[in-house]
Amino acid sequence: MSIKLLSETIINQIAAGEVIERPASVVKELVENAIDAGATRIEIVTAGGGKSLIRVTDNGSGIPADELRLAVSRHCTSKLTDDVHDIRALGFRGEALPSIGSVARLCIKSRTAGADSGYEVVVRGGHLEGPRPVAINRGTIAEVSDLFFATPARLKFMKTDRAEATAITEVVKRIAISFPYIRFSLAGTDRNPLELPATCNAGETVDEAAMLDRIAQVLGNDFSENALALDSVREGVRLTGFTAIPSFNRANSMHQFAYINGRPVRDKQIFGALRGAYSDVIARDRHPVGVLFLQLDPAHVDVNVHPAKADVRFRDPGLVRGLIVGTIRHALAQSGIRPATSGAQAMLKAFQAQGFENLNSESAPQSSGNFTASPRHWQSAAHPPAPRQEWSPQTAHPAQRPLYPDEQSAAAFHPAGFGEGAQATIAQFATPSADSRAAETEAPAEMLRNPLGAARAQIHANYIVAQTEDSLVIVDQHAAHERLVYEALKSALESRPMAAQLLLIPEIVDLPEEDAERMICHAPTLERFGLSIERFGPGAVAVRETPAMLGEMNVQQLIRDLADEIAEHDTANGLKNMLNHVAATMACHGSVRSGRRLKGEEMNALLRQMEATPGSGTCNHGRPTYIELKLHDIERLFGRR
Ligand code: ADP
Ligand code: MG
């Protein structure tokens, strides 16, 4: 085939492939245009999850009639002169409108302040009509219908209307956070309306209170009650915003927001720094909540890395990271929560480096390290061990694990007499026991031959010390039990559903509307786990039954964590992956907490159950559930060998 220049329409469709991934991307581009036009009111209406209709109305500057055709043409922008490094508007590529016009029907109506009338242009499949006069107030109405009609392949990738509508809500919320002087409203037949009134006047400098009010509209009032204000400058880079105290954490990272010069970004370095700032004070499997605004000279950051402009490149990434970590740590220290001392951490790290080197490694020679923490003895090749994860000091102690504000209530356990077989055996550990004495009698020789040996004692109310023929085994009972519950939950998906426990009074859980919506979408699946929920008006679900195996737990916290998990994995990964996360979250809530005293036979039953359960050598977060110290290594420690 000979070389030809592609047609304008094809070029635009190729660009659309990158810029317009789904309806939410259209909303993002149109809302950004309205903001760039100086609007103080932006109304968004959608239908069919944005696939059939997206209409964005603003009261901004409008587009002059003689520029309307240019506005929808490729590479035409009013926002950039000659310097691509001096970007002060959200848009600058002149790409969004022509891209949208190439994959949908696009109608732009606009009227500038001095004009005697408004004008409209219409683009469909790359074909342009107008401008012609139209009645409209000052500002612009951008209307997109039949999205992706011209690219059916893309249409096939769309999720349900509900999922797309939810993604649009999230885009609007994300952008609204950094423009508190703009009133946003979002409505449509496919959703519950969202109203975000302005929290300050346009033209005024945005103060901390206005910023926090807008964030509270999006994240809820409980965030502002737990928020720490940030404000610091280093070498021309300013960081403002809020992060929450460590105990106010979430099961996913969706409650982290970052902005560079007002532009929402999803930059790995920024979120990595946020995580880093909390690494001493938050469990590995939990996520801090925060909103970070960075302001710097536009020349020091490249936002032109990707057409969607979500990734950025800093001229000095180290400076930005240092500023974020330093400012947050300082705020945490000021608030009275002291991060662990670095000295203690270094010591633990050193210990770990030689101690846990062989974790889960099949090939390591038995005696090369002092400790082996490995499930290798009985695991068949069909169940390869989970990939090694860092055994980090801050997660090593189970008491520090789920930092729920209401840890106490989550830790309460009650008898749960139900189920049969494995379910019953696992459930029995969630039952309180009065007798805390360990196995005092001499263990029978055959028990010592088991991979995890015979239980000899329970120490610090969480660690089972067991003995095999040639080693000492220490089991983290919380982690081990959590894993067993998790495995049982997973098998419930493949075989029969899990037993449920009817709540005497249904528990009502308030959730952000999108979360409630998503939970209800997955209600039939949750039912298989024994969790029965239904709608309870806007922004709430009623919980009628809980999985019997979990015993009594904090239903509110469970539902919130599940909502987080589903939100994070629903769109990103397959159903199976999401279900595994749902199972893991439930297991975490239903597990016997550290602090529960176990009888000798209970401990041995737990060990046998672990041996019978593939994958039980690591907990759901990738940490080992037990460690084993070989006798000859103990002898070496004492200089006997
Ligand atoms: P960009 O935003 O990168 O400049 P777009 O294709 O999104 O490219 O928009 C092209 C041009 O159309 C903008 O530069 C702007 O001049 C004009 N425009 C688009 N939407 C609006 C709006 N809502 N109000 C005023 N002008 C607009
Ligand atoms: Mg634009």
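A residue is near a molecule if one of its heavy atoms lies within 4 Å of it. This is a predicted model, in which local features need pLDDT of at least 70 and side-chain atom pairs count only at pLDDT 80 or more, whereas totals for linings use all residues. Residues are numbered from 1 along each chain as its sequence is written, and side-chain values use heavy atoms, with hydrogens and water left out.

**Exercise 1.** Describe the shell around ligand 1.

Step 1. The shell holds 20 residues, and Asn33, Thr77, Ser78, Lys79 and Gly94 are the closest.

Step 2. Sort the shell by residue class: nine are nonpolar, seven polar and four charged. Gly counts as polar here, and Asp, Glu, Lys and Arg as charged.

Step 3. Look at the helices (DSSP runs of H or I, at least four residues). H2 (23-36) and H4 (96-103) each supply at least two shell residues; H4 gives the most, with three.

**Exercise 2.** Find polar contacts of ligand 1 (pairs of N or O atoms within 3.5 Å).

Step 1. For ligand oxygen atoms, a polar side-chain atom of Lys79 lies at 2.7 Å, and a backbone N or O atom of Gly94 at 2.8 Å.

Step 2. For a ligand nitrogen atom, a polar side-chain atom of Thr140 lies at 3.3 Å.

Step 3. Of the 540 Å² of accessible area that ligand 1 has on its own, the protein covers 92% (Shrake-Rupley method, 1.4 Å probe).

**Exercise 3.** Classify Cys200 as buried or exposed.

Step 1. Buried means under 20% relative accessible area, and exposed over 50% (1.4 Å probe, protein chains only).

Step 2. Cys200 has 13% relative accessibility, so Cys200 is buried.

Conventions:
Chains lettered and ligands numbered in written order. Polar contact = N/O pair within 3.5 Å; in protein donor to acceptor, adjacent residues only side chain to side chain.
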